[in-house]
Amino acid sequence: MRTLLSVLLFLGLLLASGPASAHTMLLASSPAADSSQAQSPSAIGLTFNEPVQLLALKLMDSVGGDLTPATPPTVVGGQVTLELPKALPQGRYLVSWRAGSLDGHIVSGSFGFAVGEAALPASPQAAPAADSGYWPGFALHALARILVLLAAGATLFRLLLRPADALVPALRRQERRLAAGAFTAQFLLIGAHGAMRAGLSLAALLSMEGWRAAVAAPGAWLDGASLLGLLILALPLDESLAGRLSRGLGALLALAAFASSGHALAVLPPPQGQAVMLFHGLAAALWIGAFDPLRRAYARDAGAATSALFHRFQRLGFVAVAAVAISGATMAWLLLPRWSDLWESAYGLRLSAKLLAVLTMLAIAALNRFWLTPRALAGAAAMRRRLLRVLQLDLAVALLAVVLAVGLSAGPPPTASLVFDLSNEQYAIMLTLSPGRSGDNEAAVRIGMHDGMPIDPKKVEIRVESPAAGIEPSTQEASQIAPGLYRVPALPLWAKGAWKLRLSLMIDDFTMVDRDVELTLSR
Amino acid sequence: MRVSQLAAAAFLAVGAAVAMTVPAFAHITFENPEAPSNGFYKAVLRVPHGCDGDATTAVRIQIPEGFIVAQPMPKSGWQVSVTEGAYAKSYKYEGSTISKGVKEIAWTGGNLPDSFYDEFVFRVRVTDIAPGTKVYFPVVQECGSKTEHWIEIPAEGKSDDDYEHPAPGVTIGAPGGDD
């Protein structure tokens, strides 16, 4: 009954409307457009200048995920309220809305806001500060990663592959030493990262400010879990089932630090990005952590027990190597716009160096597997010494690979740009979007006559919308940075899929040049 | 979703679809959408609202090529002025050749509140333009310090609804209207 009444009312108003009606406008919103909130808002509010019928309201995060709550918004006259039962984590968000006014006019739009961080993105990632703090920080980072991998890897090796009992005390001592070292390094690394985030030098490790910033960092809970895991590994637990399970859990927790930072997190939403990084770290630990225990096992006794151990490792090692390769290749594919970037961009070159080290490890592994190990186990004494040295070499190359991996964080991955030729008969117009994938894109517009002379319109605006993703249009004005060159720092292309862009150039008061382009963001 | 909610949503969707086919009441448009080829056209420019809530204080319209001897109708409370310029080509009219005339008309100094409606009238002669052609008159609406530019001309295959500030347009019709 109520439904029928509201329908009749709507249709009646529709038919009765005439050209004298006022124009529906969004007067205000809460949170305000492009504002930054310290806390997550408890509700989203839209205030219109007259009663409206709400046709659509969506809340999205900066990777295009739909966060619209299940309970529908309430509309009272011109006030729309959408309760947010779950608090929004730190990040940037987009509200997309569509409303019908009583005179039948449809209005729509979208706006962004941020929780706990700046509403507009920070200026493009600067190169790491070339101050004295860089190399010590880098060394600490590499040391922490190496020790965590060795500690966790050694523990997992012993738990999964059950080396000979006589070897166990020595291995356990080594694990606990590594875990203690890793704990110290990881602890200092967390403090160093906090100091860096707060903009302070490494001396801030001694003050509260750096540590407070460290605790507030997005990946802090992962780093904390890592510390807990390393603590467990350092404890003198016994060999009971409970003891072994605790140590296994400790090893896995220790690897959590691999998910707290990394460029993969910039291109994949947090759960997926963290999972890939964790997977990569775990596989690397299983592979690298085995070298020292294997060397000790073989140095002590080259008999049947060690032979069986090597065979057990070969199966596990194969899986670990494959896992490292797959997760690494996935991240490379996501971060590099083109394969040629591997040798054409600075980031690609650093990645190529790491890949070279990993390939060397693979070559050594193959050498071991197919030639050295069978002969050494068959008893040839010369082979025995060679195997021991090769295992040490393998470990050294592995540590180099980890250092090169840490070096990847020295700069951002290369960006691909999408370029569009929007010229018409009168003007040459080029639009460039960077990085050309879903997320914030910087837009550069170059306008000139066909003979090359730049022209300066009175106003340049870009309007973006994605009907496919349910994102209503939003418009931004470009600022002039040079004759004929205009820039929008961040277009919110926050979803994959089809987008419609309209570039509007107001040449003079009476002349507007509109150029439309449709594009698809595949990642 | 319950059935009644589903039904409401469906009706709402249908209502919205119907609403979208209704002319956009908020745009500046001509009352008579058709102008006769080789004849006189009384252009009534309808201004249904101001700029974002502010009162309209000036309306300027540019006369496109092919329309000659434009004459604005005076308006009480507003100052009318015309700007002359050269036409792109010469036209024969009443035995003489005309190559320049009114290219821009401006009504200034008025005050039309946002919630009120008014019309701005001028008369113009349509030259020999093929019937069926759609021609646009760019309009600048000033509200104090704010300005709205109704100057977007729909591209091939697009309509007024695809634009936020389309210029008012007329379709040229069959010859006639010589008076």
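Trainee: Which residue in S12(B) is the bridge partner of Tyr136(B)?

Mentor: The partner is Gly169(B). This is a predicted model: local features need pLDDT of at least 70, side-chain atom pairs count only at pLDDT 80 or more, and totals for chains, interfaces and linings use all residues. Residues are numbered from 1 along each chain as its sequence is written, with chains lettered from A and ligands numbered from 1 in the order in which they are written.

Trainee: What makes S9(B) and S12(B) paired strands?

Mentor: Pairing takes at least two DSSP bridges, and 3 bridges join S9(B) to S12(B), residues 169–173, running antiparallel; therefore they pair. A strand is a DSSP run of E, at least two residues, and a helix one of H or I, at least four.

Trainee: Why are S2 and S9 of chain B called edge strands?

Mentor: The open sheet of 3 strands has the order S2-S12-S9 with mixed pairing. S2 (34–36) and S9 (134–136) each pair on one side only.

Trainee: What makes Leu147(A) and Leu178(A) a contact?

Mentor: Contact requires C-beta atoms, placed from the backbone, within 7 Å. Leaving aside neighbours within four places in sequence, Leu147(A) is in contact with Leu178(A), Gly181(A), Ala182(A) and Ala185(A).

Trainee: Which residues touch the most other members of the largest nonpolar core?

Mentor: Of its 74 residues, Leu147(A), Val148(A), Ala151(A), Ala182(A) and Ala254(A) do. Helix H2 (residues 134–161) of chain A gives the largest share, 14 residues. Such a core joins buried Ala, Val, Leu, Ile, Met, Phe, Trp, Tyr and Cys through C-beta atoms within 7 Å; buried means 20 or more other C-beta atoms within 10 Å.

Terms used:
Buried ≥ 20, exposed ≤ 12 C-beta atoms within 10 Å, placed from the backbone. Contact = placed C-beta atoms within 7 Å.
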